[in-house]
Amino acid sequence: MDGNGRWARQQGEQRVFGHHHGVRAVRDTTEGCAEIGVGFLTLYAFSTENWNRPKEEVDALMELLVQTISKEIKTLMDNNISLKAIGDLESLPRKCHDELNLAIATTSSNTGMELILALSYSSRWEITKAVKEIAELVKGGKISTEEINEQVISNHLCTKEFPDPELMIRTSGEMRISNFLLWQLAYTELYITPVLWPDFSREELYKAILDFQKRERRFGMTSEQVKIN
Ligand code: IPE
Ligand code: MG
C-alpha cells in the first residue's frame, strides 16, 4: 500500500492526512476481495524500515492502526474474515499489540477470507529469523543439514500457514518489492499500478484481477506443457 504521502502532498496536506485516507482503500479492497472469494489477502502496512521515519509519523501510524483495528472489527465480523498478522509484532507499542491480539482472537472462528497484516515486517528479518531457528535445530541434533529443504525453510517463515501469493499488487508506480515476501513471491504475478493507495478501490482491484486472469503461469515450464496440464 504505497503512495499515501504523495497523495497528501498533492492535496497540499501533511503526510498523515494521506494515511488516514488510506483506511478507506483498505476497507474497500478488503471487502472487495472477500466478496469475490479471495482466500488470503496480505496487506503490507508497516515495514521494518518504516521505523526510521520521523517519530511523529511513526506515532501517528501506530495510533491509526489501533483505531482502525478496533473500529473495523465489525467489518471483519460482517464479512466472515479472520485477522492474522506477520512480522516482529513484539516491537509494536503495547496498545497496538493488545488491540491486534484482541482482533485476532475475536475473529479467529470466522471461516471466510484470511486477512493478514504485515506489521513491522521485512522479508530479510523473517529469513534471518528462520535461518537462526533452523541452525538451532541442527545444533540440537533435531534435524541434519541434509534434511534442510524448501519445505523446512517455508515452515520457519511467518507465512507457514498460508499459501504463496498468486498476485502482488503494488500501488504508486514504484517498480520494486521493498523487502516484501521475497521467498514467497518466487512465482507470484506482479501488478504495478500508478494509482496512489488512497485512490485504490474495488474497481482498481477488479482491474488487477482481470489482468492477472490473462497471464499464463508457467512456473518454469513451457507454454505447451502448461496447456496439456
Ligand atoms: C504508505 O505510503 C505506506 C506506509 C508506510 C504506511 P507512503 O507513506 O510510503 O507514501 P509515499 O511513498 O511517501 O507517497
Ligand atoms: Mg512509500
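Colleague: What span does α2 reach from its first C-alpha to its last, and what is expected at 1.5 Å a residue?

Modeller: This is a predicted model. In it, α2 has 21 residues and reaches 31 Å from its first C-alpha to its last. The expected span is 1.5 Å times one less than the number of residues. That expectation is 30 Å, and the span of α2 is close to it.

Colleague: Which residues of α2 are called buried, and what do they pack against?

Modeller: The buried residues of α2 are G18, H19, G22, V23, A25, D28, T29, T30, G32 and C33. They pack against α1 (4–10), β1 (40–47), α3, β3 and α7. After α2 comes G37, whose phi is positive, near 90°.

Colleague: Why is D28 called buried?

Modeller: The relative accessible area of D28 is 17%. Buried means under 20%, so D28 is buried.

Colleague: What makes the pair R202 and D28 a salt bridge?

Modeller: The side chains of R202 and D28 meet at 2.3 Å, N to O. The cut-off for a salt bridge is within 4 Å, so the pair R202 and D28 counts as one.

Colleague: What makes D78 and K74 a salt bridge, and how are they placed in helix α3?

Modeller: Their side chains meet at 2.8 Å, N to O, against a cut-off of 4 Å. D78 and K74 are four residues apart in helix α3 (residues 55–78), so about one helical turn separates them. An α-helix has 3.6 residues a turn, so residues three or four places apart point the same way.

Colleague: Are D78 and K74 buried or exposed?

Modeller: D78 has a relative accessibility of 54%, and K74 has 55%. Exposed means over 50%, so D78 is exposed, and so is K74. Elsewhere, salt bridges that share partners join D2, R6, R170, E174 and R176 into one network. The structure holds 25 salt bridges.

Colleague: Which residues lie around ligand 1, and which elements give two or more residues to its shell?

Modeller: The residues around ligand 1 are M1, D2, G3, N4, G5, R6, R15, H19, A45, N50, R53 and L61. An oxygen atom of ligand 1 is 2.8 Å from a side-chain N or O atom of R15. For R53, the distance from a side-chain N or O atom to an oxygen atom of ligand 1 is 2.8 Å. The elements that give two or more residues to the shell are α1 and α2. α1 gives the most, with three residues.

Colleague: Why is E189 called buried, and which side chain does it join in a polar contact?

Modeller: E189, in strand β5, has a relative accessible area of 15%. The threshold is under 20%, so E189 is buried. A polar contact of 2.9 Å joins the side chains of E189 and R215. Not counting residues up to four places away in sequence, E189 touches E166, L167, M168, F212, R215 and R217.

Colleague: What is the phi of S120, and why is S120 called buried?

Modeller: S120 lies in strand β3 (residues 114–121). Phi of S120 is near 50°, a positive value in a residue other than glycine. The relative accessibility of S120 is 2%, and buried means under 20%, so S120 counts as buried.

Conventions
Residues are numbered from 1 along each chain as its sequence is written. Chains are lettered from A and ligands numbered from 1 in the order in which they are written. This is a predicted model: local features need pLDDT of at least 70, side-chain atom pairs count only at pLDDT 80 or more; totals for chains, interfaces and linings use all residues. Side-chain values use heavy atoms; hydrogens and water are left out. Buried means under 20% relative accessible area, exposed over 50%, partly exposed in between (1.4 Å probe, protein chains only). Contact means heavy atoms within 4.5 Å. A residue is near a molecule or strand if one of its heavy atoms lies within 4 Å of it. A polar contact is a pair of N or O atoms within 3.5 Å; within protein, one must be able to donate a hydrogen and the other to accept it, and residues adjacent in sequence count only if both atoms are side-chain atoms.
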